[in-house]
Amino acid sequence: MSDSKALELLFQRPLEPVFTSRDNGKAALDLPDSYYTERYSSSNVELQSRFGDNVEIKIPLRDIPQKPNLAFAQTIRRRQQFSLFQDHHKMVASRLITMYMECPDVQSFASLCAYTKDRINPMLFQYCYSVAIQHRRDTRSVQVPPVAETFPSNFVEPSLLQDAREEASLIPDQNQRTPIEIPRNYTASDREDEQRLAYFREDIGVNMHHWHWHLVYPTEGPREIVDKDRRGELFYYMHHQILARYNAERFCNNLKRVEVMNNLRAPIPEGYFPKLLSSVNNRTYPARTSNTALRDMNRENNVLEIADCERWRDRILGAIDKGYVEDNSGNRVNLDDVKGIDILGNLVEASSLSVNRLYYGNLHNMVHNLISYAHDPDARHLEEYGVMGDVTTAMRDPVFYKWHGYLDTIFNKFKSLLPPYGANELNYQGITINSIETKINSGSSKSLPNVLLTYWQKSNVDIAAGLDFGPNGSVYASFTHLQHAPFEYVFQVTNEYDSNKKGTCRIFLCPKTNETGAALNLEEQRVMAIEMDKFTVDLVPGKNTIRRSSDQSSVTIPFERSFRKVGPSHQPKDASALAAFQFCGCGWPEHLLVPKGKPEGMAFDLFVMISDYANDSVEQTNDSPDTCGDAYSFCGLKDKKYPDRRTMGFPFDRRLPGNNMEGFASSFSNLKKTDVKIIFNDRVVVKE
C-alpha cells in the first residue's frame with residue numbers, strides 16, 4: 001500500500017520539490033539525504049521537519065546505491081517546453097522510460113522516480129513516469145490522473161488559476177469553495193468563423209483524449225511498449241475519426257469541410273491565439289497571426305527545411321503508387337490490404353516501427369514542429385513553440401485539422417487503390433436486419449424515434465493537484481461543453497438458420513448533406529462516416545431484438561473517467577477494476593459522441609451492419625480478462641490484440657459498390673440504414 005501511495009503522490013504538484021507535503025497536506029515522502037538537490041541539500045533536515053512532521057502518512061523511500069547519470073535528460077532544461085513531436089525530446093524520453101521500466105520492483109521504481117523528479121524537466125518526468133506506470137506489470141493498480149488536473153494551465157485560461165488560488169486561500173473549507181468558471185469562446189470573437197468550432201477544438205475532454213492516446217501509444221521507447229498490435233493503423237484510424245467528427249460539426253455550424261494543408265509553402269489563413277499559460281516556464285503559448293507562412297526551422301536540436309518534408313511526402317506517395325515501401329536494406333515490403341495501412345501509419349507518424357525512417361522521414365511530427373515554430377523559426381526572439389507542439393494542446397488549433405486532413409488524404413489514396421469491397425466481404429447470408437431505430441431514454445413513451453437531442457452542459461473539474469505552491473484541498477473549474485440526451489438503439493434482426501449465429505454489429509452515423517444543404521454522395525459519406533459503436537451479438541434462430549445503450553459505445557469513455565477524482569477514496573478496490581480504471585483513461589469523451597446538430601434539426605444516415613463473426617474474430621494469445629474494453633475502437637485492448645480482424649472502419653474504409661447510401665444499404669440483407677435527425681437545444685444544464 002505504501003508503494004502505490006508513494007507513486008500516487010509523485011503525480012501531485014508536479015512543479016513542487018519532491019520533499020513537500022501532498023495529498024492535501026496529509027502525506028509526505030521520507031527521503032534519503034542524497035535525494036535533495038544541491039539547492040536544498042544544506043537545509044534538508046529543516047525541510048524534512050517542516051514538511052514531514054505534521055502529516056498523517058510518511059512514506060520512507062530507500063536509497064539508491066548507485067545514482068543514475070542524468071546528463072542525457074538534462075539536455076532538456078527544467079524551464080524548457082517538452083514536446084513529443086521533437087526527435088531529441090523523444091530520444092531522451094525513450095532512455096528515461098527504459099530506465100523506469102528496468103527497475104526490478106516497485107520499491108526500486110518509486111525510489112528512482114523520486115530521485116529523478118527534481119533533477120529533470122517536469123513535463124518530461126510526468127510523461128515518462130506516466131508511460132512507465134501504464135506499462136509496468138507491477139503498477140497496474142496505480143491511477144494515472146487526468147492531465148487537466150495535474151497541468152491545468154494547459155486547459156484553463158491563465159487568470160482563472162489566480163482566481164483559483166485566491167478562492168482556495170481565502171476559503172479554508174474546501175466544501176464551501178465556489179467553482180471558478182471558464183468562460184466560453186474566450187479565444188476569439190464571432191468575427192472569426194472558426195470560432196464556431198471552439199466548443200469542439202477547445203473541449204477539455206477532447207484534448208485529454210489526444211494526450212492519453214499518445215501515452216498509451218508512444219512513438220519511442222522499449223520495443224514491448226511501442227510495438228503494440230496494429231499501432232500504425234490505430235494512428236491512422238483514430239485521427240481519421242477525429243476528422244470525420246470535426247467535419248460533421250462544421251456542417252452543423254454551416255461551415256464547409258476542412259480545406260486540407262496540401263501546400264506547405266502557402267500561408268495559413270487561420271490565426272490562433274490560445275491564451276494559455278505553460279506552467280513549466282510561466283509564459284503564454286505563442287500565438288500565430290492570420291496568413292502566417294511556414295519557414296525553414298533552425299532551432300536547438302531541431303533543424304529542418306520545408307523541402308525535407310516535401311521530399312518525404314513525395315517518397316511516401318510514390319511508395320503508395322508502386323504498392324510497396326523499401327526497408328533499410330532495400331528489400332520491398334508490400335502494402336497489401338491487410339498490413340499496408342499499419343505500415344503506412346507507422347511510417348507517416350515516424351514511430352520507431354517505421355520500416356525506413358532515414359528514407360521516408362518524419363513527416364507528421366516535423367510539420368507539427370514547423371507550424372508550432374512558425375512565429376519564431378530561428379529562435380531569434382527566444383520564443384517557445386505554439387500549441388501545435390504539444391499533444392495536450394494541438395487539437396485546439398484549427399490548423400491541426402488542416403494538417404491531419406492532408407495526412408488523411410495520403411491514407412485514403414492508399415485505400416482508394418485497393419479493390420472495392422464485394423459481396424463475399426459484405427454479405428452475411430441468412431441474416432436480415434428488418435428495422436433499426438434510436439430512442440431517447442426519457443422515461444416517457446412520447447419521445448420520437450430517430451430523433452436525438454443535444455444541449456450545453458456545465459460541469460466541474462478539480463484542478464487542485466496542479467496548483468503548485470498553492471493551498472490544499474479541492475479547487476474546481478467549471479466549464480460548459482456539448483452533451484446529448486442518453487438514447488438506445490433497437491434493432492430487429494432475423495436469423496434464418498436453425499442454429500445460433502454470432503455477428504459483429506457495426507454502427508455508423510453519416511452526414512447526409514453538406515453546409516449548403518446539397519446531398520452527399522456515397523464516397524463523400526464514406527470518408528466522413530462516424531463510428532458510433534461496435535459489439536458482438538448472439539442471434540438465435542428466428543426473430544431477435546437487439547438493444548444497446550449509447551453509453552455502452554466502444555468508442556467512448558464515461559464522463560466520470562475523463563474527469564475522475566484523484567485519490568484512493570475514489571478508486572475501485574478490486575485489482576482488475578483498478579487496472580481497467582487506469583487504462584480506460586484512453587477513449588473519446590462520451591459527451592461528444594453525438595454531433596451538435598442544428599436547432600431546426602439536421603439529418604444524418606444511421607447505418608447498421610451485422611458482419612459474420614467467423615470473419616471478425618481474433619485469437620488472443622493473452623486470455624486474461626479484458627481490463628478495458630469500453631473504448632477499444634480507438635484505443636485497443638490492454639496487453640491484447642485489437643479485437644476485430646477486419647480493417648478499422650470496415651466497411652467504410654474502402655470504396656463501396658453504388659453511388660448512394662440507400663442503394664448500398666439495400667444491396668445486402670445484413671445492412672440497413674435509416675434517417676436520424678439531431679436537434680440542438682441552445683440551453684445550459686448544470687451537471688448534478
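Predicted model: local features only at pLDDT ≥ 70, side-chain atom pairs only at ≥ 80, totals over all residues.
One of the salt bridges joins the side chains of Arg77 and Glu300, with 3.1 Å from N to O. Beyond that, 13 residue pairs are in polar contact across the interface of domain 1 and domain 2. Which helix gives the largest share of the domain 1 side that touches domain 2? Helix 3 (87-101) and helix 5 (122-135) each bring at least two residues to that side, and the largest share, eight residues, comes from helix 3.

Now a step back to the domains themselves. The domain assignment places domain 1 at 1-138 and domain 2 at 193-417. Their contact involves 26 residues of domain 1 and 34 residues of domain 2. Taken over C-alpha atoms, the domain centres lie 31 Å apart. Together, domain 1 and domain 2 bury about 2600 Å², and 56% of that is on carbon and sulfur atoms.

On to the cysteines. The model has one disulfide, formed by Cys586 and Cys635 with their sulfur atoms 2.1 Å apart. Cys586 sits in the loop between helix 20 (575-583) and strand 18 (588-589), while Cys635 belongs to helix 22 (residues 632-635), so the pair links distant parts of the chain, 49 residues apart. The link is left-handed, with -80 degrees about the S-S bond. Are these two cysteines buried or exposed? Cys586 counts as buried because its relative accessibility is 1%, and Cys635 is buried too, at 2%.

Cys510 is buried, with a relative accessible area of 0%.

How values were computed: Residues numbered from 1 in each chain as written. Heavy atoms only, no water. Disulfide = S-S within 2.5 Å. Helix = DSSP H or I, 4+ residues; strand = E, 2+ residues; numbered from the N terminus. Buried < 20%, exposed > 50% of the residue type's maximum accessible area, 1.4 Å probe, protein only. Domains from an automatic or database assignment. Contact = heavy atoms within 4.5 Å. Buried area = accessible area lost by both parts, 1.4 Å probe. Salt bridge = Lys/Arg side-chain N within 4 Å of Asp/Glu carboxyl O. Polar contact = N/O pair within 3.5 Å; in protein donor to acceptor, adjacent residues only side chain to side chain.
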